[in-house]
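I opened my notebook to record what I looked up in this structure. The entries follow the order in which I checked things.

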Amino acid sequence: MFKIFAHGHKNIRATHRTTFEITKSEHLTPRGDCIIGVGADKSLLDLPENLKSLLKAGHSFEVELHLPDYGISEKVVGKGDSSLTLSHPEDIVVRKSNYTCSRTLLVRANKAACNLNREMVEYLKEKNTELVFTLRPLKAAETRD
């Protein structure tokens, strides 16, 4: 299990149809419609080697998005891929598609930004809303392909 802490921003819209993203950057324009958290304390470079190995082997993972101040959580399931580099110093992207680049954490996810709980998204429009992004490998029996 690996946790990343980020926070909200007034320009969060979470309307992208195929991805969602958290970033270390504090800057966000309204065009960044996939971004759900800014000011992240870690990037893909900070992932432990054991998780990187599982991701590159194509294992299934669950991401839990949790707002501790509001008691709201949402779970997203996706897969790793052998073409992942997990090397971006700022951005972490979860994708519904199979596309990979240096920013990609998971592919074939069951949700994108537009599918996330809208109450959660409204809270994420406030800068002081804390977002806890937890990445956890799933056991074979837990995968929902």
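**Entry 1: the core.** Which residues in the largest nonpolar core touch the most other members? I found Phe20, Ile36, Leu55, Leu65, Leu105, Phe133 and Leu135, out of 38 residues in that core. The largest share, 4 residues, comes from β4. A nonpolar core here is a set of buried Ala, Val, Leu, Ile, Met, Phe, Trp, Tyr and Cys residues joined through side-chain atoms within 4.5 Å. Buried means under 20% relative accessible area, exposed means over 50%, and partly exposed lies in between (1.4 Å probe, protein chains only). In soluble globular proteins, nonpolar side chains tend to be buried together.

**Entry 2: ground rules.** I noted that this is a predicted model, where local features need pLDDT of at least 70 and side-chain atom pairs count only at pLDDT 80 or more, while totals for chains, interfaces and linings use all residues. Residues are numbered from 1 along each chain as its sequence is written, and side-chain values use heavy atoms, with hydrogens and water left out.

**Entry 3: Phe20.** I listed its contacts (heavy atoms within 4.5 Å). I left aside neighbours within four places in sequence. Among the partners of Phe20 are Ile36, Leu65, Val76, Ile92 and Phe133.

**Entry 4: the sheet.** I traced 4 strands in an open, antiparallel sheet, in the order β1-β8-β4-β5. Strands (E, at least two residues) and helices (H or I, at least four) are DSSP runs, numbered from the N terminus. Two strands pair if DSSP finds at least two bridges between them. β1 (2–7) and β5 (72–79) are at the edges with a single partner strand each, so one side of each has no neighbour in the sheet.

**Entry 5: β4.** How many bridges join β4 to β5? I counted 8, with β4 covering residues 60–67. Leu65 stands opposite Glu74, and Ser60 has Lys79 as its bridge partner. Is β4 largely enclosed or left open? It is largely enclosed by the rest of the structure, because 6 of its 8 residues are buried.

**Entry 6: rings.** I found 1 aromatic pair. Tyr70 and Tyr123 are stacked, 3.6 Å centre to centre with 10° between the planes. Ring centres must lie within 6.5 Å to pair; planes under 30 degrees apart count as stacked, over 60 as edge-to-face and the rest as tilted. Tyr70 is partly exposed at 32%, and Tyr123 is partly exposed at 23%.

Terms used:
Phe/Tyr/Trp six-rings, centres within 6.5 Å; stacked < 30°, edge-to-face > 60°.
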